[in-house]
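Please read the following report alongside the sequence and the model, which are shown just below. It takes a few elements in turn and describes each with care.

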Amino acid sequence: MSEPYIIKMPQLSDTMTEGVVVSWEKKIGDKVSRGDIVATVETDKAIMDVEVFRDGWLSGPLAAVDSSVHVGEAIGYLVEAPELVQRHGEVGEAPPPSARDVPRKVDLEHGPDAKAGEPDGCVHVIKMPQLSDTMTEGVVVSWERQPGDRISRGDVVATVETDKAIMDVEVFRDGWLSGPMVAVDSTVHVGHPMAYLVEQAEQVVRDTAAAPQKKAAAAAPAPAASSAGVSTGAAPSLPLAAGVQPAPRPTNKAATPLARKLAASLYVNLNNLKGSGPSGEITAADVRRAQPVERPTEVAQAVPAHVMPEIQVPGHGRPMTAMEKAVTHSMTASLTMPTFRVTINAKQDALLKAAKKKGVSVTVAIAKACAEAIKNHPSINWAYQPVDKLVERAQVDIGMAVSADGGGLVVPVLRHCESRPLEELHESWKGLLDRARKRRLAPEEYANPTFMVSNMGMLGVSYFDAIPTPGTAAILAIAAAGPEGMPLTITADHRVVNGAEVALFLNTLKAKIEQPEEWMGPMGPAIPDGNWDYDVVVIGGGPGGEDCARDLAGHGLKVAMINDAPFPGGECLWRGCIPSKAWRAAADRLRDRAHDELLGVVGTNKAKLDWEKLEQHRRNVLEERGSMALKTDKGVKIDVIQGYASFETEHRVFVDTSGNSSDPHHRTPLGDGSAGRHITFGCAVIATGAPPFVPPIPGAREGVSAGGVLTSDTVWSLPKVPKRLGIVGGGAIGMEMAQIFQDFGSEVLLLERHERVLAEVEPEIARTLIAVLENDPRLTIATNAATKAIKGKAGAMTLVYETAAGEQRYKCDYVIMATGKRPVLEPLKLDNAGVAVENGVIKADSRCRTSVPHIFAVGDVIGGYMLAHTAGQQGRVAAATILGEDMQYDETKDSGVIFTRPEAGFVGLSMDQAKARGIDAAEVKVPLNIDAKAMITGETHGLIKIVADKATNKVIGVHLLADHTDTLIGEAVMMVSGGMTLEQVGNAIHPHPTQTELFGELARRLLSRLRRSKAKKTA
Ligand SMILES: Cc1cc2nc3c(=O)[nH]c(=O)nc-3n(C[C@H](O)[C@H](O)[C@H](O)COP(=O)(O)OP(=O)(O)OC[C@H]3O[C@@H](n4cnc5c(N)ncnc54)[C@H](O)[C@@H]3O)c2cc1C
């Protein structure tokens, strides 16, 4: 053994690429015999022994304990004789820089080059461990030890949630646990710091607020407490709490020990203070002067909210009552708010009538209208929190000023106006009002409103404004109604909201007050009295129109459904959902042959597509379903009228039958008006859909006329599967078509001008889908690709497009334009009925009412999700509203499936969408590759996510990328639409082995995480 023998990091599992040295079991200079264990290392799965199969003496340099070493790299050496032992590089010492074969040291060594964010004396960085093969990040569920705790090797310091389970984080080193520690519930990437171990207790940093960013300020030697302005005796109103721990050292500045102690007592955030001591050091006097301060509510009373200089006023004042004092203090404190005012006028008649009809007070109706408007403008309900923080609140607690008997102002707070029904709020208000007048309110009945209303209109004042108090962002002042309606004035805190936001809020509030039916529900059936041909005409026979007409006819109304096609079904049946899924089904059969071999089934992968047969089958399905639908419609006594309807007045349409055709497979062109009939109606429902939109890209529209460019209307006439296909647009239609044709054997290029495809799909699901689709051999997806021109003729087309790499060309047989759908409104002559249009779609509220109270609109023609089930639901909502029932379309519970492989699906809200609505949500996800069923069939791509509201534990969103999403999503729909909680989903007994078990698993995991983090927070 002339050369030293290298002890290398062994590969102890298939997946292991590096290991962490946990301990050296032998010391440098020890005699080692064959078979001895010299060290232990931690792999990605467990802690394992490192044996050597040679005799010799252990020699340095040794890899330091806790260092990560790549498989195959040296961790130590064996030499032939004791005198050859190299002693430098004892455990923990840095190896000499010249040493070759020396293990690479990762971020775990410290010293002069300590990384930013590490505290002084850091001996170990506790990083997010990789606890499974697939784990890329983890969520911190709990800290099991506190900063300042003595940590011994093997201690569990935290628990983290991986993509599979909640697991312990152990450390293999001694030291004192120190911050900066990442907050519970935060997501940390594998290998990123979570906390630190320091050498000595005094070096502990107690910051647990956020992920470490900066190196903590060096603990400057604390100057004597006699620094300028420091008095050792605290003012009587600001006592030093006994036994209090000093506040954490501020970042980037110094504070005296007394200042830190006082700051802890008074809940002052030292980071917000400017020091008046030497070199800007913060002194106790600075802390005492600190205004405003941060305090938990339970000690808030201990210090006045705001201290103003006292002004000498002649005379003998009487002491104020407690209530007078409270108003005075809060009004004085309001002087800290930079406010502005905005006024709008609203007609109150509809609200007064509606309140009377519902038997609720107008004050409560106004409060509820405010809460409804706040749903669209949540920042009105936030508050500024000193210093430089915003408190974002979803709960709307409205304080409404009331005069107490004998004078004085009381502000009872009506809680949860955003979620409680009007009638319930009315009952609560009656009690509050009574107690407020007698000054009998309990503290929780007047404390902490999130928004305020003052109604002096009832006292006849024509205009006034009110003063918001700290803790709210705005107050609404309602004056008496004049010819323009009642003036509504918001005084708002400019630190929280700006003028435009308040103006938008007031516009929404005005709409809520003037059209209370939208949120209060119908006040009765919507059909006006009159001698109409039909109670209701429904224009359009797609999913929206047909579902609406059937519901109305089922309730005994006289209904006509006017459709310009010979059969009902609309785009969904003839040019959309059904034909595309017939193609998808054939594509699935071809694609699934790939999995046969995995299961040992061979000889099936020579599957071939017979296009003619598939097309015949597709047409048969459409025709059969079309005639079934027509029979049913007639059977339930709908008058189905073929023709194109346009408005003549707000109660009459003309049905043009001159263009009628008997071909259901093609969209019927407009007639010339030479034949038809006039029909009068009580109510109308517009359900006319939205045909494909082709943007004015040079050559695109010309190509549609010539036949080389196809749309979702014309693709169904393809004579055969194209060899090469270009698709413009990465929405659901483009993505589905792209993969169907790649599965049929076409070479496909899809161009998407934005950075991502499938805008309606949760971002991680969309990203993962794109990554999975990269495996499809004949499919290329180019994002950030702008289509510049389309040239050629059918069979020889050229797509000219531009990416970061410059202009490119793609030659193909056909181009499919999948660039969205837009309603065509002009021929409907909406102006004759006064129906308003906004951004190219008919404007409709959540009850599907247009700007004309007896005219409704549903489905693609009103924008939003352009999906068949959305149209159907809206059709039922319109029917219910016409009948006088209380039903609304709720987009936050809508769902969708994109029929790619794997299929992407969504129900409800994503984390981003929840946040935008002010919901404090948490999510949990599981990759499909750990699911037994997915492994069996080889369908392991994708993931499932559940999003839940932390306040209620209700499931508010489920997002899927999985084969069989179309069936799995059914359970997710019930969870979200039924408002099920994590407990209910977790406790439901899912059959085994099915993929639905994942829902239970996810719910239990998220529940456990939320429970543990809640327990830690309250501990
Ligand atoms: C390729 C493709 C695939 C799709 N896949 C899916 C899917 O998988 N799932 C899904 O949910 N959605 C899917 N869609 C969308 C779905 O087809 C539509 O969202 C749905 O059909 C909209 O229903 P609607 O009732 O609003 O309108 P439509 O279905 O368009 O029906 C409107 C009807 O009104 C008729 N009409 C229009 N104007 C007049 C008039 N003035 N007088 C009389 N009749 C008139 C039209 O001819 C049509 O028959 C797909 C769409 C396409 C193009």
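Which residue follows α15, and near what value is its phi? The residue is Gly-745, and its phi is positive, near 115 degrees. This value, like the others in this report, comes from a predicted model.

**Helix α15**

The helix that Gly-745 follows runs over residues 732-744, and from its first C-alpha to its last it reaches 18 Å, close to the 18 Å expected for its 13 residues. Eleven of the 13 residues of α15 are buried, so the helix is largely enclosed by the rest of the structure. The buried residues include Met-735, Met-737, Ile-740, Phe-741 and Phe-744, and among them are also Glu-736, Gln-739, Gln-742 and Asp-743.

**Helix α12**

Helix α15 is also one of the elements that cover the buried residues of α12, together with others including α11 (570-574) and α13 (611-635). Helix α12 spans residues 577-598, and its 22 residues reach 31 Å between the first and last C-alpha, close to the expected 32 Å. Along its course α12 has a kink of about 30 degrees, which is centred on Asp-592. Among the residues of α12 that are buried are Pro-579, Ala-582, Trp-583, Ala-586, Ala-587 and Leu-590, and the list also includes Arg-584, Asp-588, Arg-591 and Asp-596. In an α-helix there are 3.6 residues a turn, so residues three or four places apart point the same way. Just after α12 comes Gly-600, which takes a positive phi of about 85 degrees.

**Cysteines**

The count of disulfides in the model is zero.

| Cysteine | Relative accessibility | Closest cysteine sulfur | Sulfur distance |
|---|---|---|---|
| Cys-683 | 0%, buried | Cys-548 | 9.6 Å |
| Cys-848 | 1%, buried | Cys-548 | 8.6 Å |

**A four-stranded sheet**

Elsewhere in the model, four strands form an open sheet with antiparallel pairing, in the order β1-β8-β6-β3. Its edge strands, which each pair on one side only, are β1 (5-8) and β3 (31-32). Strand β3 pairs with β6 (residues 56-59) over two bridges, in the antiparallel sense, and Val-32 stands opposite Gly-56 of β6.

Terms used
Residues are numbered from 1 along each chain as its sequence is written. This is a predicted model: local features need pLDDT of at least 70, side-chain atom pairs count only at pLDDT 80 or more; totals for chains, interfaces and linings use all residues. Side-chain values use heavy atoms; hydrogens and water are left out. Two strands pair if DSSP finds at least two bridges between them. A disulfide is a pair of cysteine sulfur atoms within 2.5 Å. Buried means under 20% relative accessible area, exposed over 50%, partly exposed in between (1.4 Å probe, protein chains only). The expected span of a helix is 1.5 Å times one less than its number of residues. The bend at a residue is the angle between axes fitted to the seven residues ending there and the seven starting there. Contact means heavy atoms within 4.5 Å.
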